[in-house]
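Come and read along as I look things up.

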Amino acid sequence: MEAKRGIALLAAAFVVSPLALGLGIILLIAASDDDDGGGGGGDFGLAGGALRVGPGYVPAKYAALIEKAAADCDQGLPAGILAAQIQAESNFNPKAQSKNPKTGEPIADGIAQFIPSTWASSGIDGNGDGKKDVWDPEDAIPSQGKMMCELLKTAKKHPEYNGSPIELALAGYNAGWGRVQEYKGVPPASFAEGQTYNYVKFIMAAQAKLTAPDTSGDPEMSGEWTKPVNAPLGTPYHQSGGMWSSGYHTGIDFVAPIGTPIRAAGPGKVVSASRVAAYGRQVIIRHADGMYTQYAHMSELKVSTGDTVKGGQVIGLSGADGNVSGPHLHFEVRTGPDYGTDIAPLPYLRKKGVNI
């Protein structure tokens with residue numbers, strides 16, 4: 001996939017930097033004084049929930065399109081990531097166009113700033129009117145979501161790369177997946193004058209500002225955030241290996257003897273309390289920020305689907321149920337309730353004030 005880049009209109013947050021990337025494209029990048037290095041590798045947590053709509057945030061007329069584009073992806077793509085990308089690319093201007101600084105020739109078009117060759121290969125007819133139009137947000141935003149979803153799926157196949165799957169997908173979107181392969185992760189600040197490196201950092205930071213807590217339809221929730229079990233850490237997040245169908249570990253493990261109390265990491269609503277083949281007895285909790293936590297391999301469940309729980313409330317006992325090599329708690333943080341939407345658990349818990 002080739003580089004796809006456009007012009008951002010956030011003058012206060014960006015500086016102009018004419019960079020070819022083989023194409024002679026204008027880029028506006030976030031100013032940064034960071035030392036050279038790879039991507040954040042999970043330094044940023046992902047916000048969940050609905051988009052924050054209004055002046056200075058996401059225009060109401062595009063919010064539903066962005067949320068649908070994210071929901072159509074089965075890889076756990078947060079709507080806030082797509083919104084932050086569009087803000088950086090065009091500041092939500094469907095008529096935005098970037099130009100070659102030397103010749104003045106148009107390079108990238110529309111709200112998602114597709115270059116013509118990428119639009120030809122990745123653009124879709126999002127609104128079903130029989131034509132894919134780069135200038136129409138109803139086509140461009142679904143196309144952006146589809147492209148990011150495909151990149152995210154590819155990124156998850158490379159847990160050995162430097163950067164979280166979302167960061168790798170963003171780097172691929174900015175510079176092309178070939179550059180991610182070349183650097184085995186997010187390209188460092190020394191690549192392309194830091195443009196891809198800073199693009200990833202900016203999007204990961206900006207997405208939280210564009211996402212609002214989403215508690216619609218949920219009962220009042222209370223309680224503090226806490227470590228889910230009093231036990232040491234075991235297998236880390238994204239360790240690769242043949243034990244897992246994805247090729248890597250989608251959560252973190254706590255080495256807990258059978259019968260150890262398992263507690264809700266934070267307040268929320270139980271959306272699943274059941275037994276599934278690989279995970280054994282598991283509980284999945286939806287939290288007020290729109291994120292989900294999963295607790296697996298339990299020997300006994302203490303809650304039922306639909307229950308509202310407080311942070312620290314006992315929800316079950318640890319065990320060795322399902323696909324395990326010994327007793328432990330498998331813990332995940334997800335952007336959705338289903339398998340494959342995982343993000344790094346430790347940064348998320350730490351941002352909630354959990355000392356772990």
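**Entry 1: ground rules**

I am working with a predicted model, in which local features need pLDDT of at least 70 and side-chain atom pairs count only at pLDDT 80 or more, while totals for chains, interfaces and linings use all residues. Residues are numbered from 1 along each chain as its sequence is written, and side-chain values use heavy atoms, with hydrogens and water left out. I took helices (H or I, at least four residues) and strands (E, at least two) as DSSP runs, numbered from the N terminus.

**Entry 2: H2 against H4**

At what angle do helix H2 and helix H4 pack? I found about 120° between H2 (residues 79–90) and H4 (residues 137–155), and their axes are 11 Å apart. Here axes are lines fitted to C-alpha atoms, for helices over the stretch in contact, and angles run from 0 to 180 degrees between N-to-C directions. H2 and H4 are therefore oblique to each other. The naming goes like this: angles under 35 degrees are roughly parallel, over 145 roughly antiparallel, 65 to 115 roughly perpendicular, and the rest oblique.

I noted a right-handed crossing where H2 passes H4. A crossing is right-handed if the near helix is turned clockwise from the far one by less than a right angle, and left-handed if anticlockwise. On the H2 side, Ile 81, Leu 82, Gln 85 and Ile 86 make the contact, and on the H4 side Ile 141, Gln 144, Gly 145 and Met 148 do. Contact means heavy atoms within 4.5 Å. I sorted this contact of H2 with H4 into five nonpolar, three polar and no charged residues. For that sorting, Ala, Val, Leu, Ile, Met, Phe, Trp, Tyr, Cys and Pro are nonpolar, Asp, Glu, Lys and Arg are charged, and the others, Gly among them, are polar.

**Entry 3: H5 and its surroundings**

Next I looked at helix H5 (residues 165–175): eleven of its eleven residues are buried, so H5 is largely enclosed by the rest of the structure. Buried means under 20% relative accessible area, exposed over 50%, and partly exposed in between (1.4 Å probe, protein chains only). Which helices do the buried residues of H5 pack against? I listed H2, H4, helix H6 (177–183) and helix H7 (195–209).

H2 and H5 pack at about 30°, with axes 12 Å apart. They are therefore roughly parallel to each other, and their crossing is right-handed. Ile 81, Gln 85 and Glu 89 of H2 meet Ile 166, Leu 170 and Tyr 173 of H5. In this contact of H2 with H5 I have four nonpolar residues, one polar and one charged.

**Entry 4: salt bridges**

Side chains of opposite charge can pair when their charged atoms come close. I used this rule: a side-chain nitrogen of Lys or Arg within 4 Å of a carboxyl oxygen of Asp or Glu. How many salt bridges does the rule give? The count is eight.

One of them joins Asp 321 to Arg 281, at 3.1 Å from N to O. Asp 321 sits in the loop between strand E11 (314–318) and strand E12 (329–334), Arg 281 in strand E8 (residues 280–287), and the two are 40 residues apart. Asp 321 is buried at 11% relative accessibility, whereas Arg 281 is partly exposed at 31%. I also found Arg 275, Arg 281 and Asp 321 linked in a network of salt bridges.

Lys 352 pairs with Asp 289, their closest N and O atoms being 3.0 Å apart. Lys 352 lies in the segment after helix H8 (345–351) and Asp 289 in the loop between E8 and strand E9 (292–301), so the bridge ties together parts 63 residues apart in sequence. Glu 332 and Arg 334 form another salt bridge at 2.8 Å, N to O, and both residues are buried.

**Entry 5: single residues**

Is Tyr 279 buried or exposed? It is buried, at 13% relative accessible area, in the loop between strand E7 (268–276) and E8. Beyond neighbours within four places in sequence, its contacts include His 297, Asp 321, Glu 332 and Arg 334.

Most residues other than glycine have a negative phi. I noted His 297 in strand E9 with a positive phi near 70°, and His 297 is buried at 4%. Ala 192 has a positive phi of about 50°, and its place is in the loop between H6 and H7.
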